[in-house]
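This report describes the structure shown below. It treats the sheet, the contact between the chains and the salt bridges in turn.

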2 protein chains.
Amino acid sequence: MNLTHIEHIGIAVKNLDEAIPYYETILGLKCYAIEEVADQKVKTAFFKVGQTKLELLEPTDANSPVAKFIEKRGEGIHHLAFAVEGVEKALQEVSDKGVRLIDKIPRPGAEGLNIAFLHPKSTFGVLTELCEKK
Amino acid sequence: MNLTHIEHIGIAVKNLDEAIPYYETILGLKCYAIEEVADQKVKTAFFKVGQTKLELLEPTDANSPVAKFIEKRGEGIHHLAFAVEGVEKALQEVSDKGVRLIDKIPRPGAEGLNIAFLHPKSTFGVLTELCEKK
């Protein structure tokens, strides 16, 4: 498997309107896109730092995974996404090695990516996403 | 403030000897350094993915911050470190804007960096590190 870089870091926040000014005014980053991902019941805001994006995630539904994450652990880093060449093959490879998958086949994510999550029980607690540009 | 890239992502693990083979065998990364940081009571293992390092953190003391993090939340992503040009000036700048600092002045971290942490209460739950090569 060839992981080329950290594609993005997902960060759970209660409210984008409150969090975006922190990233812009304090850290000096620029929010370049806001996108709703209905499938994951989140509204996302994107920033770029070098090769990597920060993806803020605000839940749009109280029963969404991100809402439950915030309820249990508070706001904070939610997942880590690696860019990979050949996401389907990579999924098969990690599955063959015994990693539990959340997504058995890739599905559409924000920013036109094909994405799939590995289960944190198999990844030492890190909710891990593999993704590839379509 | 000029954040150039994600310098590293800190990941808390109970045991490096168990976690390193996951990163090497499953994700195909290479552990290129192991270093003890006495100051932070951790043993660290480093991997590189594009511009960014993954820094696994195993606590060396049951009363260390990383041990307490694992006790409370389990293994997982612990902190996010941005590379910045001029870490002292950047600290002053965020402090002036009302951000609570864990480190008022930079201190030596792993890999010969000058580092300082911002308090997660001021950063929407993300334990945030600013760092710069000495």
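## Sheet of chain B

In what order do the eight strands of the open sheet of chain B lie? In this predicted model, the order is 2-3-4-1-5-8-7-6, and the pairing is mixed. The edges are formed by strand 2 (33–37) and strand 6 (107–108) of chain B. Each of these has a single partner strand, so one side of each is left without a neighbour in the sheet.

## Strand 5 of chain B and its partners

Strand 5 of chain B spans residues 76–84, and nine of its nine residues are buried, so the strand is largely enclosed by the rest of the structure. Strand 1 (residues 3–12) of chain B runs antiparallel to strand 5 of chain B, and eight bridges join the two. Among the facing residues are Leu3(B), which stands opposite Val84(B), and His8(B), which stands opposite Ala81(B).

With strand 8 (residues 128–133) of chain B, strand 5 of chain B pairs in the parallel sense, through four bridges. Ala81(B) takes part here as well: its bridge partner in strand 8 of chain B is Glu129(B).

## Contact between the chains

How many residues of chain A are in contact with chain B? The number is 38, and they meet 39 residues of chain B. About 3,300 Å² of area is buried between chain A and chain B, with carbon and sulfur atoms giving 70% of this area. Five residue pairs, both at pLDDT 80 or more, are in polar contact between chain A and chain B, while the count of salt bridges between these chains is zero.

On the side of chain A that touches chain B, the elements giving two or more residues are strand 1 (3–12), helix 1 (16–26), strand 4 (52–59), helix 2 (65–73) and strand 5 (76–84) of chain A. By class, this side of chain A has 22 nonpolar, twelve polar and four charged residues.

## Salt bridges

Over all chains, the structure holds ten salt bridges. In chain B, the side chains of Glu7(B) and Lys53(B) meet in one of them, at 2.6 Å from N to O. The pair links distant parts of the chain, with Glu7(B) in strand 1 and Lys53(B) in strand 4 (residues 52–59) of chain B, 46 residues apart. Are these two residues buried or exposed? Glu7(B) counts as buried because its relative accessibility is 8%, and Lys53(B) likewise counts as buried at 8%.

Another salt bridge of chain B joins Arg107(B) to Asp39(B), whose closest N and O atoms are 2.9 Å apart. Here too, distant parts of the chain are linked: Arg107(B) belongs to strand 6 of chain B, and Asp39(B) lies in the loop between strand 2 and strand 3 (42–49) of chain B, 68 residues away. Asp39(B) counts as exposed, at 52% relative accessibility. In chain A, Lys97(A) and Glu93(A) form a salt bridge through their side chains, at 3.6 Å from N to O. Lys97(A) is partly exposed, with a relative accessible area of 41%, and Glu93(A) is also partly exposed, at 22% relative accessibility. A network of salt bridges links Glu7(A), Lys53(A) and Glu111(A).

Key:
Residues numbered from 1 in each chain as written. Chains lettered and ligands numbered in written order. Heavy atoms only, no water. Buried < 20%, exposed > 50% of the residue type's maximum accessible area, 1.4 Å probe, protein only. Pairing = 2+ DSSP bridges. Contact = heavy atoms within 4.5 Å. Buried area = accessible area lost by both parts, 1.4 Å probe. Salt bridge = Lys/Arg side-chain N within 4 Å of Asp/Glu carboxyl O. Polar contact = N/O pair within 3.5 Å; in protein donor to acceptor, adjacent residues only side chain to side chain. Nonpolar A, V, L, I, M, F, W, Y, C, P; charged D, E, K, R; others polar.
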